[in-house]
Every structure is written in C-alpha cells, then in structure tokens.
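Open the model in your viewer and keep the sequence beside it. This tour goes from one selection to the next.

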Amino acid sequence: MTIERMPMAWGSRSGATVLVVCALLGGYLTADSMDVVPGMLTTAAPWPEPAPFPTAPGAVEGPELAQSVQTLPADAPMPDAADIQTLVDGVARDTRLGSRVGVVVLDSLTGEVLGSAAPDQLMIPASTQKVLTAAAALTLPELAERTLDTRAVLADNTLFLVGGGDMMLSSGVGDPAAVNGRAGLANLADQVVAHLSLAGRTEVRLAVDDTLFSGPPVAATVNPANVAAGYISNVSALGVNVGLLKDTYDDSGPRASDPAMAAAQAFAERLAERGVTVSGSVLKDKAPSSARELGSVSSAPVNDVVEFFLHTSDNTITEVVGRLVAVERDLPGTAEGATQAVTSVVQNDLDVDLAGARLADLSGLGDNSRLTPAQLAEVIRLTMDPERPMLREVAVGMPVAGLNGTLTRRFGQNVAEAGLGMVRAKTGSLPGVTALSGTVVTSDARQLVFVLMADSYTGVSLDAQAAVDQFVAKLAAYSAG
C-alpha cells in the first residue's frame, strides 16, 4: 500500500512553524482571516497529526483550532484564466502523475472555472471522497449537532450496554476536551453502580446491544487485507478507541474483530472495579423498550466527529458517520444504506449532479469508487458558499498545508513552499492513485477551489505527491499583477 507517514504535532516541529510564521507571515495573516489557516494568535494546541492513508488511525485528537470570523476581500484580483489553464496543462502532462490526470480550478466566489483537464472523466478519488460524506452529514442539521449516546439500561437482572454510534469511547474516564475518548466507560459505570447500590445489587448479567447498524461490518468493496492491516476497523454501533486494542490512537496495532463486544468487556471490567460482578459471559441482545435507563455518556457532536475524520482521514469513523446519515434518512444502517444515503443527500439536497459517479464505500478505501474532478470541485465550492453555512465546517476542517493533519509534511520543499499555510485540502492516496482537493489562497488574496486526481501513475508515490504540491503551490504564488 502507498503510505503517507503520519506527521508530528506543531509543538514538535519548530522548524516548520518558524518557516510558516516568518517566511509567509503576511500571506498567512490574510489567509487566517478567511479560516484558510488557524488563527495566528490562538493559544489552543492544533489537532494532533493523522495517520497515513490508507488511513490507519494515527492521531489522537486535540482541541479545535481557533477560527476567525473575517473574510477575504471580495475585490481581490481574479486570476487570468489563460494563466491558470497554462498551469493546469503543465501538471496534466507531468510524467510523475501518469497518463490519467484530472484537474479543475475555479474561483470560490463566482464559481467560474479558470482551468481544467479532463474535468468530466470518472476517476478514483481515494480519500478525497470523504468530503462527500462530510458534506452529507453536515447538510442534515439535526444530525450535525447531535451527540452519540452510549446508554446502560436494566431489564430484570440484565444490564444492556446500548450503542448509539460512538466508536470513540474511552475504556476509562472520558475527556471532555477530546473527540476520541470524550465519553468514558468508567463514567458510565459510576452512574450504573450508583443506581445498583441503592437496591443493594452487586451482580448483573451483561448484554451489548449493537443493533443500530446492521449488515457486514465493512463494505464488501474493501479488500480484506486492508482490514487485516489495520487501515479500517469493523464498523459497530459502539467501540473503544476506534476498535484499536490499545489505549493510544495511532497507526499501528491490532483491532478488535468485534468492537462492540470488546467495549462490553471493558465495561464489565469497570463495573468489577466498582464492586459489581458480571455473571456469566457477555451476551449480544437487543434491549427491550421497557428497560430502565441507569446512565448514559455522550460523544462530541457529530460536526466535531466530521472534523476529526477530515483531519485524520480516519476510514472507520467516516464509515460510521455515513451509516448515521443512512439512519437519519430512515435507511438501513448498513454499508449499502450509507452509500445510498450520502449519494442522495449530495445529489438531491445539495443539488450536485453525480451522474455516472459511484461510491463503493464512504471512505474511499474500497475498490471502484468513481467521481469526476468537476463533481468533487462542486461539492468543495458549496462548502465555501455563504448561503450554506452548515457546510463551512467541512472547509475549515480540512488539514492546512505544512501545519497539521495529513498535510503536515507536505508543501515543504522547493516551489511547493509557496503553499505553506495557504492551502486547506483533503488528501487521497492508494496504490497508483494520488489526489488533493480543497482551497488555496493566491498571493492576491483570492481564494480558489482546486481538485487534482491522478489514478494511473506507476512511479514513486512521493514524486507524484511532489508534482501535485508544486502545482498547488504555483496557484498560491500566482499574482494577477
């Protein structure tokens, strides 16, 4: 598999930080005003860095980057379309990218296409496809603002651990400042034991209810080798640390074959530590509607969860959110229901023409997903539309070039340095595939939307990435004057 190694946190990369802050200070401040980069004066830590794609989960989450409320000047000079087309023609012929290259560059304010190459060619989007899942989730306001609750309910002598879609539970005490690990099973156990103690009960049976989702735990289009390699976990209605069988969230280590059962076992341990014994084996069963609730813990809001998977490119959480979109649309919480729901929301609610497109899964890891550069560019443009403020968090949730997320170690060499701090984009990598899609601010402070996909290169992946980064950096360096 093609591996983009996971970057380090800002605080440990002083050299890159100095480069961005000093060498690009003026442009950075302009970009900051449009949320293209994090606020310069914030004291909040950036998101910790993500794992490579195919995205084995690689980073623990941190506080959200501060955002400004100002905007870029509406009268910033528009690039000359002939100049941009010349840049596009150059990258489309770049031998490092192979024979199939699709590009779209458009103005984010007007939507005018400034340059393109094979814009309507169906191509493999890899992880840039996650933008569609994010947009679909945030288009549904009730889902976007919802927390995912993990509940404990009691019926007779059986305690049911009921999953609500949170696969980022902490096995211990939750962290209210985190996204991964905000809800803690120790906190839930405290609530349960408090109730049981009032009745003098020190023993229960335990069952886990993971019926929110159904069907195969991973899309049929995902190669089983990717599951075995840890690039994705079996999707479940609940899980600890995205299914990883360890306390930390990074890009290594085995995953639970049944994340819901692993979470239930951890919950049983928390109960035992508090003097309540779980008798017999943990069962799987649906909780009766008459069961009495003894406690619940809540995840971060879904819009924060979306930012997490955009920033880290986490495949599992993307698939979870896709299934939540399906449930919200009264479709089965299956892999197929999720792709159907996301496609429907993007096509019907956002009015994006997805003719010919196919989503093989929601994360881009599965085989045979296809999108055109023009389709993806339109979705990204909508995330910048002031008439659709609910999508803004998709735009600002993408990594920033040279600073964080999957772009921390990108745009750092040669001409690509012009893109440092000027680019917010979603990466995508598979064997023979590299893609980058997002926004870039020119030296004239004009924001452009760009999509670049190359799905047939045969050379070195780092060389292909360099070709992409150098093209986008040229957009960042462009001046109409």
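Over how many bridges do strand S12 and strand S13 pair? Select residues 433-441 for S12 and residues 447-454 for S13: the two pair in the antiparallel sense over eight bridges. Strands here are DSSP runs of E, at least two residues, and helices are runs of H or I, at least four, numbered from the N terminus. Two strands pair if DSSP finds at least two bridges between them. Now pick Gly438; its bridge partner in S13 is Phe450.

A word on the model. It is predicted, so local features need pLDDT of at least 70 and side-chain atom pairs count only at pLDDT 80 or more, while totals for chains, interfaces and linings use all residues. Residues are numbered from 1 along each chain as its sequence is written, and side-chain values use heavy atoms, with hydrogens and water left out.

Widen the view to the sheet. Five strands form an open sheet, antiparallel in pairing, in the order S2-S1-S13-S12-S11. S2 (113-117) and S11 (423-430) stand at the edges with a single partner strand each, so one side of each has no neighbour in the sheet.

Next, select residues 373-383, helix H12. H12 packs on the sheet and touches S1 (101-107), S12 and S13; contact means heavy atoms within 4.5 Å. The direction of H12 makes about 150° with that of S13 (axes are lines fitted to C-alpha atoms, for helices over the stretch in contact; angles run from 0 to 180 degrees between N-to-C directions).

Last stop: select Tyr249 and Phe308, a tilted aromatic pair, 5.5 Å centre to centre with 45° between the planes. Rings of Phe, Tyr and Trp (its six-membered ring) pair if their centres lie within 6.5 Å; planes under 30 degrees apart are stacked, over 60 edge-to-face, the rest tilted.
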